[in-house]
Every structure is written in structure tokens, then in C-alpha cells.
Amino acid sequence: MSLSTALNLAVSGLSLNQRETALVSQNISRADQPSYTRKTFVTSDSVGQQGTIGLKGVVQREIDLEVQKQLTQSTPDTGYAEVKAYYASRLDQLMGEPGKSSSISGSVSAFNNAVKALAATPESASERLSTVSKAKTLAASLNQLTDDIQAMRSDVEGQISDSVNRANELLRSIAKLNENIVAQKASGQDYSSLEDARDQSVKELSTLLDVQTQVDRTGKMTVATQAGLVLVDAEAVKLNFDKTGTLSARALWTADPKSRGTGSITIGTADGPIVDIIDSGLIRSGKIAGYIDVRDRMMVDAQNQADALAAAIASALSDKSVAGTSAASGGKNGFDLDLNGLKAGNTITLNYFDRSTGENKVVSFVRVDDPATLPLSNNATGNSKDRVVGVDFSTGLNNVATQIQAALGSRFAVSNPSGTTLQILDDGATNKIDITNLSARVTLSGLQVGETGMPLFTDGVGGTLFTGSFDGANQKQGFAGRITVNAVVVKDPSLLVAYASGVAAGDPKRPNDLSERLTKTIFDFGSDTAVVSGNSSFSSTIEGFSNAMTSHWGMVSEDAKTALVSQNTIQNNLENRFADTSKVNVDAELARLTELQNAYAANARVMTAVKDMLDILMRV
């Protein structure tokens, strides 16, 4: 090795020592900075035509790329679990504990007990007032539950908006850092701190969205969702959220912007159509996905439960069942049914045995007066096993019979023999079907018409009857927020007993019937209430359903908490594993300073030796 080569190596070594000393000092000073990763100096020979002419070095981050990838995949799941656990807990608190007087089931139980006490002493003015008071408390509890649920949905709508705005800021930051990193890498400058900043932006972004990243040889990072939606490439995309104001029970998300009542997340490209990210399922995890699930499923389930409970309470007291009477004609057998008093939303139920399949089948015909409402969803009733057919009553019973005939097919004979009578007969000698029952659910409109049932609960301040109508809108939707006690009964509580003029003040007939209706009537609560898993309805009494509601959210909350604890364990393990390789160990850095000090001294001695040798040569 020539003296000049030795001198060059020593000089470059001193220069690298100085740079690495500065780097180690930086590591120590920024050891507690959360986003900072340990930097090391990687040296290599600088080779010229005559061989090694010195040393060169580059700054390198000490990170485990595989663990970092796992952490990026885990972080969205943690954010999603946090959102679900938080709002499930809030819903659990709203519903209260089963059996507690402060819970929704407690309000139902208190009202049932008041009606039962009235049945025991119907002549008592105080019991009548108490019953009205408990009814008002129950209605107020359902009103407040709706207000609270929709307030939370509105809050979540705001959270989605804020999260989308923050995601856009982070995407722009990543795109800008990409530009700087590519430029500095191309010019041979240290860009490791820029990579730290970019990773920090990706980490925060991954709490909001499920993202994956890829870095090319130029240093540019591509960011996409796990479903493949590219968010950052040559530039950052912009997510758009058309935030809605205060949400109501009828403000639901749909894929159709014209009918949608909530905000949706979209992205538009210069060379393509607008894509609805929610409709396309392009966000699967992260806080934003959690907020969407809470707004559009969890809170909607809770509102559906409240509405179903309110509808059952109103219907239990105001509806009566009208049974069909046996009928026959030309060897065909079936039933006649008087439809007098049938209102929009009331149902006609046909039960028959299909001999060709060996199945008992149910068809529910729902009265509508607005043909624009048709067709109805098969989920229009709570029974998950029936077939639902909406029937337009606006053009008379002859046309009603024609519509029902068309829906049932040629195996049945449907007619309107006279007045308000509907007749449905089987196929006679063909004997493929047997009609087993025909009945109707009719909502009572009067308080003293000789019926022990009564419309104690009505819809809204105007006192509209609750019939389950679908005309214009589904009446049950949001009904828990509108249910109120019949104003006439509030003014005159004696109507809780007097089902007709001249009824004695101590007559227990109506209170007894109301108590029976409340405690023993079995309702089919639809699959949209989600009280049971799967696409199944839940058959129960009113009190049984109210208890199931409160128990349901207790279980949902506990499951969400368990899922969050499990996910936090995974997250913490990955965070610790990543920190083991990327965080600065101050003791190790101090030891490295000592090594650098020794190396600096060694290089200095080499330079001194070379100088001395050159001086000797110059004197020769």
C-alpha cells in the first residue's frame, strides 16, 4: 500500500468518524422521540482505477421490515376494535341492566305492573292516574332512547368526516415526503429522517384505514387499501365525504345518492367515474370502517329494536284479531273474512298446507293505500318465515281480490262475494293445498266502541293511530321517537276502564284484557332487530323482548371489550418487537462513542505516521 493510499484511508476514516459521531449523538438526543428510529453508519471501500482509494458511508435505519409490515396490518384492526368497544359500551349504558328500574325493560315492567294493579282495583282514581303516568314514562323512555341513539349516530357522522379530512392530510404528507426522499436519494444525501416522518404518517393513517405499502428502488412509497384501492402513487388521491347534519331514524345509508340519508365516502379520478368506497367495500378495517359499521349497523340495530318494541306496545293494546269463518263453494273449501275496519299497514294472514312439498306456509297480505309504496319488502312483517305481499286497497275490494288471486296463483280461488268480505278457497278435488286459517289484524280507532282493546299509545303529538302503515314511509321506522300516550286518555283516565258508555267505574274487563295483551301476546320481532343471530325473527312477549334487548347489548359490549383486549395484546407485542430493533439504546450508543473515539485516535496516528515517513523521505 502506498503512503498516499494510506493517507487517503486515514483522512476518509477520520471524516467518517466525525459523521458517525454526529449520528450517534443524534441517536442519543432523540432517543425518547416516539417516531425516531436508530440510525447506523454503513461503510464500504471507495474504489478507483488503482484500487481502494478511501472509505465511504451511508446512513441506514435499523428496522425490522417484516415486523413493520405486520404492525401496519394490525393497527387498523386495533382502531376498528376501539371504535366498536366504545360505542357498544355506550349503547349498553343506554339500555341499562335487565330488571333495573332505570333500564328500558324496567320501564316496560313498571307499566305492566301498573295495568295489573288497575285490573285489581279499576275503581281507584289513583291507580288510573298511576297507569297513565307509567305509560307516559314508558313513552318518554323510548323517545329519549331514540334521541340518544340518533345523537350518537350524528356524532359518528362527524367522526367519519374528521377522520376522512385527517386521512387526506396524511395522504398529501406521504406524497410530499415521497418527492423529497426520491430527490435526496438520487443526489446521494441522507434521507433517513424523511423516511421516519413518512412511516409516522403511514402509522397514523393505518389507524384510520387498512393500508398496505410498497417502496420501489427510487425510494417512492405506494400506499393502497387492503382491498386494492391505490391512495398514493405518483400523487395522493382525495377522499370526499358528503357529511349530513343531524341524523334521524329514517336517515339511512343506501348506495343511491338520491335516497341516501347519511354521508358516503367517494373518490373521483380524472379518467374514471366516481367510486363509492363504502358501496364497493374498499375499506375493511380501521377507525373509519368502525365508524361506518357503528353508524349503519350497530346503531340502526338499536333503533330497530326500540321501534319494534314501541310498535309491539302500541299494537298489543290497539289491535284485534279478526278470525275468518268457514266457507265452501263447488267442492272447494276455505274461509270468508270480514275486512271492515282494516287500515293501511294492517295485515291479512293466510295459512295453508302445501301437499306437494309437505310444508305449512304463511302469506301475509299488507294493506297499502298508496300504490307507489309497492312492492313491499319480504321483511315488512316480523315473521321471517312468511311471504309478504303488499295489496293496493285504493281501487276497491274487487281489485283487492284480483291482486291476491294473482299473488296466490291458480291453486286458490279468491273473490269478493259481497260488501267487505274476502273469500279464499282451496283447489277442491285437485287437493294440492289445504287452507288451515285466514285472519286479519285490525287496529281499533275508538276508545268507547265496546271493544276492550284501545289505542292507548299513538303516533306523535297529533295522535295518529299506529297501524304499521307503509304509505309514504314505514310508520314503524323511528316510531320509538314519536310514541306518545293518547291525549284523550291523559285528559280522562276513566277511559282505561270505560270501554263503552255506561260501563261501571269498577268494571275490570278492560284493565284485565289490557294486562293480558301486554303480558301474554306473542310478537314476531323481525331479523332487523338482530336480537338473535342469522336472518331469523325473535318470537316473544313484550317484556321478554325488552329484556332480550338489554341483555343483547350487554353481551355485545362484553364481546367488543374482549375483542379489544385481544387485539391490544397483539398490537403491544408487535410494538415491542418493532421497538427492540428500531429504538435507541442509550448505553449501546455511549459504548459506540468510545469505539469511535478509539478509531479516531487510530486514524490520527496513521496520519501522523504517514507524515513522519513523508518527512523522512523528503530529507533523503
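Start by selecting residues 125-186, which make up helix α4. Helix α4 lies across β6 and β7, and runs at about 160° to β6. Helices here are DSSP runs of H or I with at least four residues, strands are DSSP runs of E with at least two, and both are numbered from the N terminus. The angles go from 0 to 180 degrees between N-to-C directions, and the axes are lines fitted to C-alpha atoms, for helices over the stretch in contact.

Before you click on: this is a predicted model, where local features need pLDDT of at least 70 and side-chain atom pairs count only at pLDDT 80 or more, while totals for chains, interfaces and linings use all residues. Residues are numbered from 1 along each chain as its sequence is written, and side-chain values use heavy atoms, with hydrogens and water left out.

**Stop 1**

You'll find an open sheet of three strands in the order β6-β7-β8, with antiparallel pairing. Strands count as paired if DSSP finds at least two bridges between them. Which strands sit at the edges? They are β6 (239-241) and β8 (275-276), and each pairs on one side only. Strand β7 (residues 265-267) is joined to β8 by two bridges, and the two run antiparallel. Zoom in on I267: its bridge partner in β8 is V275.

**Stop 2: a sheet of four strands**

Next, select β10, β11, β16 and β15, in that order: they form an open sheet with antiparallel pairing. The edge strands are β10 (325-329) and β15 (413-415), each pairing on one side only.

Walk across the strands now. β10 and β11 (residues 332-338) pair in the antiparallel sense over five bridges, and A327 stands opposite G334 in β11. Five bridges also join β11 to β16, again running antiparallel. Then come β15 and β16, an antiparallel pair with three bridges.

Click I424 in β16 and look to both sides. I424 is the bridge partner of F335, and I424 is also the bridge partner of V414.

Is β16 enclosed or open to the outside? Five of its five residues are buried, so β16 is largely enclosed by the rest of the structure. Buried means under 20% relative accessible area, exposed means over 50%, and partly exposed is in between (1.4 Å probe, protein chains only). Colour T421, Q423 and L425 on one side of β16, then L422 and I424 on the other: both faces are covered, and these residues are all buried.

While you're there, find the hairpin of β15 and β16, with five residues between the strands. G419 in this hairpin takes a positive phi near 50°.

**Stop 3**

Most residues other than glycine have a negative phi, and most peptide bonds are trans.

- Select N431, in the loop between β16 and β17 (433-443). N431 isn't a glycine, but has a positive phi of about 55°. At 37% relative accessibility, N431 counts as partly exposed.
- Go to A530, in the loop between β20 (523-525) and β21 (538-540). A530 isn't a glycine either, and its positive phi is about 60°. With 21% relative accessibility, A530 counts as partly exposed.
- Show L374 and P375: the peptide bond from L374 to P375 is cis, with omega near -5°. P375 is found in the loop between β13 (359-368) and β14 (387-392).

**Stop 4: a pair of helices**

Last, select helix α2 (residues 65-95) and helix α11 (residues 542-582). Their axes come within 7 Å and cross at roughly 155°. That makes α2 and α11 roughly antiparallel to each other (angles under 35 degrees count as roughly parallel, over 145 as roughly antiparallel, 65 to 115 as roughly perpendicular and the rest as oblique). Colour the contact of α2 with α11 by residue class, and you get 15 nonpolar, 12 polar and seven charged residues. Nonpolar covers Ala, Val, Leu, Ile, Met, Phe, Trp, Tyr, Cys and Pro, charged covers Asp, Glu, Lys and Arg, and polar covers the others, Gly among them.

Notes:
Contact = heavy atoms within 4.5 Å.
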